[in-house]
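Below are some notes for a colleague who has not seen this structure before. Please read them alongside the model.

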Amino acid sequence: MAPPASTYEEPGFPYATLVKLTGLCPSGPASFACLQNLPFETLKTVSVAIMTNEVLNDQLWQPTVGR
């Protein structure tokens, strides 16, 4: 069973790991805007690192239903 979507930005989960590995974006609410402004190559490099090393339940992003 996948963890609740509300936990995905907590430390150790995919989104938090993505933010941390950029080394350029702060955690918290400002992280999304920061990620949007990163150069594509930076985001691609970090994403590949996560996809090959930091996979959760054999999927990087889990499908969820919001509440």
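1. Of the protein's 67 residues, 27% are buried, where buried means under 20% relative accessible area, exposed over 50%, and partly exposed in between, with a 1.4 Å probe and protein chains only. This is a predicted model, in which local features need pLDDT of at least 70, side-chain atom pairs count only at pLDDT 80 or more, and totals for chains, interfaces and linings use all residues. Residues are numbered from 1 along each chain as its sequence is written, and side-chain values use heavy atoms, with hydrogens and water left out.

2. The protein has three helices and zero strands, in the order α-α-α from the N terminus. Helices (H or I, at least four residues) and strands (E, at least two) are DSSP runs, numbered from the N terminus.

3. The largest nonpolar core has nine residues: Tyr 15, Leu 18, Val 19, Cys 25, Cys 34, Leu 35, Leu 38, Val 46 and Ile 50. Such a core is a set of buried Ala, Val, Leu, Ile, Met, Phe, Trp, Tyr and Cys residues joined through side-chain atoms within 4.5 Å. At least two of its residues come from each of α1 (14–22), α2 (31–36) and α3 (40–53), and α1 gives the most, with three.

4. Beyond its neighbours within four places in sequence, Leu 18 is in contact (heavy atoms within 4.5 Å) with Leu 35, Leu 43, Val 46, Ser 47 and Ile 50.

5. Is Thr 45 buried or exposed? Thr 45 lies in helix α3 and is exposed, with a relative accessible area of 52%.
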